[in-house]
Structure formats: C-alpha cells, structure tokens
Amino acid sequence: MATNTGLPSFTIRAITPSETHNLRHRVLWPHKPLSYVQLDEDDQGHHFGVFLEDPSPLLPPHLQQQQEQQEEGEKDSSSIPTEPVSIISLFFAGDEANSKKEARFRKFATDPPWQGRGVGSALLRYAIVFAVTEGAESVWCDARTSALGFYQRFGLDAEGEEFFKGMCRI
Ligand SMILES: CC(C)(COP(=O)(O)OP(=O)(O)OC[C@H]1O[C@@H](n2cnc3c(N)ncnc32)[C@H](O)[C@@H]1OP(=O)(O)O)[C@@H](O)C(=O)NCCC(=O)NCCS
C-alpha cells in the first residue's frame, strides 16, 4: 500500500481482477461486451488500483447522486461504492531460474475525470517498483499510440510503427 503526499489524496492497493473490469471496460473498450476485458489469465496477474481518499468534490454524476441520497439519510454510508479511479494489471513471465524475469503491464486506465492529475503516473511507478521487487529485469507493455507520450516520460522505448511496444530495461 502507498499513499501520496500531494493532491488529490489517494491510496494505492492490490485489488481483485473483478475490481478492474468496470474501469477497463468504460475507459478502454466501451464498445465491446464486458467479457472482452475479462482476461482468462487475470487470475495469474497482480492488479492494483488508486483510491481517492475524498472523491466527493469531483465525483462523476452517478456517484454524486448516490452521495446526495446518502446525505439525505436514504442510504447507509457503506453503500457508496469505493471504486478505483485508476487501475493497472501486471503479469510475470520467465524461465526456470527466474519465473518473474519479465513483467508485462496491461489494461492501464484512469477514469476520465481524474486523468492528468498524476494518479496514473503514481500507479505505473508503483507497479514498476512492485515488478522489480519481485525480480523483474524488464517491464514492457503493448501500448496505444495515443499513450506513447505518457510512456516515454517513464523511459519506455517505442518499438514498431503502427503498434507501440514499450520496454523499460532496469
Ligand atoms: C494513459 C493514462 C492511464 C494515464 O493516466 P493519468 O492518470 O491520466 O496520468 P497522469 O495524470 O499521471 O499523467 C501524467 C502526465 O502525463 C500526461 N499524459 C497523460 N496521458 C497522456 C497521453 N495519453 N499522452 C501524453 N501525455 C499524457 C498528463 O497530461 C500529465 O502531464 P503533466 O505532468 O505535464 O500534467 C490515462 O490517460 C488513460 O486512462 N488514458 C486512456 C486509456 C489509455 O490510453 N490507457 C493506456 C493503454 S496503453
């Protein structure tokens, strides 16, 4: 678990695969069925999410409505969903000597209202540190070209033209 010092105030923690599916679907593949973002290999992965400590000033409409209802005493506070605002999934591969030699991150997404606020960078940094701590010697991803600029800030090298594959040697 990690907590940042700036704004917005958030916490990063491990989550279950099913906690990633809603955001994966909404941000990455909204036009596909939900099953499209439910990976067969999810159970073998490590999943992390960013949780805002006080999301109320910037809650998306559907959550704002729920909070208003709660304030009116219509709902118990435990009914407010605590959804991550940013998610990432990490999958290891390797050989006999080191089964976690290579780490691949996938399905990285930040909820649009919170994009550009630093939570994605914090989450990617957290995932890379986790991977290295587990023994990874390289970290890579298949990235959308629209996110190339973001990954370049992390020293990830682009490979290929139409399709971007980033690899960070560490
Ligand atoms: C890519 C993504 C996960 C980054 O998360 P985020 O929470 O927005 O990232 P941050 O707020 O930490 O961004 C840090 C910086 O990178 C910049 N940045 C964010 N996304 C960027 C992008 N796609 N291209 C270039 N720069 C980007 C931000 O503007 C910010 O710049 P600043 O420090 O000068 O203000 C998020 O933008 C997203 O969900 N995008 C849509 C889905 C997607 O493309 N996912 C990646 C699939 S490979």
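**View 1. Helix H1 and its surroundings in a predicted model.** H1 counts 12 residues, and its first and last C-alpha atoms lie 15 Å apart, close to the 16 Å expected at 1.5 Å a residue. That expected span is 1.5 Å times one less than the number of residues. Helices (H or I, at least four residues) and strands (E, at least two) are DSSP runs numbered from the N terminus. This is a predicted model, in which local features need pLDDT of at least 70 and side-chain atom pairs count only at pLDDT 80 or more, while totals for chains, interfaces and linings use all residues. Residues are numbered from 1 along each chain as its sequence is written. Buried in H1 are Thr20, Leu23, Arg24 and His25. Here a residue is buried if 20 or more other C-beta atoms lie within 10 Å of its own, exposed if 12 or fewer, and partly exposed in between, with C-beta atoms placed from the backbone. The cover over these buried residues includes E2 (10–15), E3 (46–52), E4 (86–93) and E5.

View 2. Leu28 belongs to helix H1, and it counts as partly exposed because it has 16 C-beta neighbours inside 10 Å. Setting aside residues up to four places away in sequence, Leu28 touches Val37, Lys107 and Ala109; contact means that the two C-beta atoms, placed from the backbone, lie within 7 Å. Leu28 and Thr110 are 82 residues apart in sequence, with their C-alpha atoms 9.4 Å apart in space. Lys107 sits in strand E5 and counts as buried because it has 24 C-beta neighbours inside 10 Å. If you like checking backbone angles, look at Lys107: it has a positive phi of about 55 degrees although it is not a glycine.

**View 3. Helix H3 and its buried face.** The end C-alpha atoms of H3 are 21 Å apart, which agrees with the 21 Å that its 15 residues should span at 1.5 Å a residue. Its buried residues are Val119, Gly120, Leu123, Leu124, Ala127, Ile128, Phe130 and Ala131. Seen down the axis of H3, they fall within an arc of 165 degrees, so they line one face of the helix; the arc is that of the directions from the helix axis to the C-beta atoms. The exposed residues Val129 and Thr133 are carried on the face turned away from the buried side of H3. Packing against the buried residues of H3 are E2, E3, E4, E5 and strand E6 (138–143). Just after H3, Gly135 adopts a positive phi of about 115 degrees.

**View 4. The largest nonpolar core.** This core holds 25 residues, of which Ile88, Leu90, Phe105, Leu123, Ala127 and Ala131 touch the most other members. A nonpolar core is a set of buried Ala, Val, Leu, Ile, Met, Phe, Trp, Tyr and Cys residues joined through C-beta atoms within 7 Å. At least two residues each come from E2, E3, E4, E5, H3 and E6, and H3 gives the most, with 7 residues. Leaving aside neighbours within four places in sequence, Leu123 is in contact with Ile12, Phe48, Val50, Ser86 and Ile88.

**View 5. The shell around the ligand.** Among the 19 residues around the ligand, those that come nearest are Thr110, Gln115, Gly120, Ser121 and Gly149; a residue counts as near if its C-beta atom, placed from the backbone, lies within 6 Å. H1 (17–28), E5 (102–110), H3 (119–133) and H4 (148–152) each supply at least two residues of the shell.
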